Amino acid sequence: MKLQDLEIFTVAPPAPGWGGRYWLFVKLTTACGLTGYGECYAASVGPKAMEAVITDVFTRHMQGEHPQNVERMFRRAYSSGFTQRPDLTVMGAFSGLEIACWDILGKALDRPVWALLGGMMNERIRSYTYLYPLENQPMKPFWTSPDMAAECAIEMVRLGFTAVKFDPAGPYTFRGGHQPARTDITMSAEFCRAIREAVGDQADLLFGTHGQFSTGGAIRMAKAIEPYDPLWYEEPIPPDNIPEMAKVARATSVPVATGERLTTKAEFAEVLRQGAATILQPALGRSGGLWETKKIATLAEAYNAQLAPHLYAGPVEWAANIHLATTLPNLLIAETIQTGGAFHMALIKQSITWEDGYILPPTAPGLGIDFDEDLARAHPYTGSGLHLEMQEAPCDYTNGNAFEGGAPAPEM
């Protein structure tokens with residue numbers, strides 16, 4: 001059983017595009033005809049360039065290899081070009097391809113992937129969702145309305161969620177950390193107050209940011225939201241400065257979470273060593289794949305830290321997250337995209353079961369999903385933008401700011 005062929009699907013979800021501008025799925029086929037699917041998360045180069053990287057990583061490090069030799073293939077990719085250090089783009093490509101290998105192995109052995117990674121630890125996976133506008137709520141005002149966010153939170157609790165995430169803290173820009181506008185601090189506290197009053201103790205509050213603050217600014221924001229007892233404070237400063245993130249963690253009672261922009265155990269280990277976060281959020285389509293992320297989870301155990309697999313991508317990464325989460329003794333929660341997630345479910349033909357705020361681990365072989373290639377081909381991405389793009393304009397200290405849920409701006 002040798003890896004032989006690669007096909008890449010670059011898929012554009014319908015507007016407003018929850019989960020990013022496009023998703024990169026890969027399909028591997030062995031010489032004996034077995035197929036497996038994976039997903040590469042949030043490339044930092046354009047889609048055509050990333051397709052070329054994926055193809056290069058496959059042909060250079062994986063083609064002709066047995067899919068079970070994930071460690072050997074990882075070391076090839078990790079060390080490629082005399083690097084032997086985390087390379088975000090190469091690891092993003094490898095991660096999706098590695099997930100596809102596990103899908104093949106599970107199908108070959110007639111076992112779900114979680115059974116090959118240590119077996120079932122969790123029979124149900126607690127999940128959370130961002131607060132996205134409900135059908136009766138106008139899109140633009142939603143992002144700056146604590147009352148509409150609270151209304152949405154009540155609906156998510158009714159659906160069964162026991163945690164909801166929101167991000168009213170202002171813009172994420174390419175300029176590095178900044179001091180938040182005073183209005184952003186006030187709005188963030190108001191969001192926390194309104195949602196806490198709406199859901200009481202029925203749901204945890206997950207306070208999202210995107211690494212946009214200076215160290216002092218992050219601490220100021222933390223003090224404003226502490227009275228509402230969020231479960232976490234996500235990526236309060238840029239993820240490339242671990243010592244400064246550790247200063248924020250020491251300055252607040254709110255647990256710091258980070259990880260969606262990190263890759264491999266080399267980067268996550270330093271977060272743990274320096275005490276920068278106690279909740280790790282690996283994105284499996286970027287962090288090195290299932291085997292590498294299982295190692296990250298084991299490191300986290302030694303530091304009494306928990307995992308909350310991140311999802312701002314398509315349903316194949318979601319499926320991989322679920323299989324990993326099923327095996328983890330230190331699982332906290334897993335992200336899902338419930339509101340606006342119809343296209344996610346359609347792409348896998350409703351083959352993952354979500355009920356009452358929890359995901360049920362698939363029992364079918366491999367990832368346990370039925371990927372709809374026809375639907376994927378019917379929604380090709382033809383633009384040149386990136387999966388996510390940062391704002392160039394600085395924080396607005398005069399007119400206020402609004403983070404609009406990650407929905408990509410229309411391309412010209």
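**Stop 1: a histidine and its neighbours**

Start by selecting His210, which is buried, with a relative accessible area of 12%. Keep in mind as you look around that this is a predicted model. His210 is found in the loop between β6 (204-208) and α8 (215-225).

Now show what surrounds His210. Leaving aside residues up to four places away in sequence, His210 touches Tyr130, Asp167, Tyr172, Glu235, Glu260, Arg261 and Phe403. Pick Glu235 from that list. How far apart are the C-alpha atoms of His210 and Glu235? They are separated by 5.8 Å, although the two residues are 25 residues apart along the chain.

**Stop 2: rings that pair up**

Next, colour the aromatic residues. The structure holds 18 aromatic pairs. Why are Phe74 and Tyr78 separated by about one helical turn? Because they sit four residues apart in helix α2 (residues 70-79). Buried or exposed, these two, Phe74 and Tyr78? Both are buried.

Then select Tyr128 and Trp232. This aromatic pair is edge-to-face, with 5.3 Å centre to centre and 85 degrees between the planes. The pair links distant parts of the chain: Tyr128 is in strand β4 (residues 125-130) and Trp232 is in strand β7 (residues 232-234), 104 residues apart. Tyr128 is buried, at a relative accessible area of 0%. Trp232 is buried too, with a relative accessible area of 0%.

One more ring before we move on: Tyr358. Which residue lies over the face of Tyr358? That's Arg124, at 3.8 Å from the ring centre.

**Stop 3: helices side by side**

Switch to a cartoon view and find helix α6 (residues 146-159) and helix α7 (residues 182-199). Their axes come within 8 Å and cross at roughly 35 degrees. The crossing of α6 and α7 is right-handed. To see who meets whom, show the side chains of Pro146, Ala149, Ala150, Ala153, Ile154 and Val157 in α6, which meet Glu190, Phe191, Ala194, Ile195, Ala198 and Val199 in α7. Sorted by class, this contact has 11 nonpolar, no polar and one charged residues.

Now jump to helix α11 (residues 290-302) and helix α12 (residues 315-327). These two pack at an angle of about 40 degrees, with their axes 11 Å apart. What is the handedness of the crossing of α11 and α12? It is right-handed. On the α11 side, the contact is made by Leu290, Thr293 and Lys294, and on the α12 side by Ala320, Leu324 and Thr327. By class, the contact of α11 with α12 has three nonpolar, two polar and one charged residues.

**Stop 4**

Head to Ala15 and Pro16, which are joined by a cis peptide bond with omega of about 10 degrees. Pro16 is found in the loop between β1 (3-11) and β2 (23-30).

Select Asp110 next, in the loop between α3 (88-109) and α4 (113-116). Its phi is near 60 degrees, a positive value in a residue other than glycine. Asp110 is exposed, with a relative accessible area of 54%.

Lys349 also has a positive phi, of about 50 degrees, although it is not a glycine. You'll find Lys349 in the loop between α13 (342-347) and β12 (353-355). Lys349 is partly exposed, with a relative accessible area of 43%.

To finish, draw a distance line from Asp110 to Phe191. Their C-alpha atoms are separated by 47 Å, and the two residues are 81 residues apart along the chain.

Key:
Residues numbered from 1 in each chain as written. Predicted model: local features only at pLDDT ≥ 70, side-chain atom pairs only at ≥ 80, totals over all residues. Heavy atoms only, no water. Phe/Tyr/Trp six-rings, centres within 6.5 Å; stacked < 30°, edge-to-face > 60°. Buried < 20%, exposed > 50% of the residue type's maximum accessible area, 1.4 Å probe, protein only. Lys NZ or Arg CZ within 6 Å of the ring centre and 35° of its normal. Axes fitted to C-alpha atoms, helices over the stretch in contact; angles between N-to-C directions. Left-handed = near helix turned anticlockwise from the far one by under 90°. Contact = heavy atoms within 4.5 Å. Nonpolar A, V, L, I, M, F, W, Y, C, P; charged D, E, K, R; others polar.
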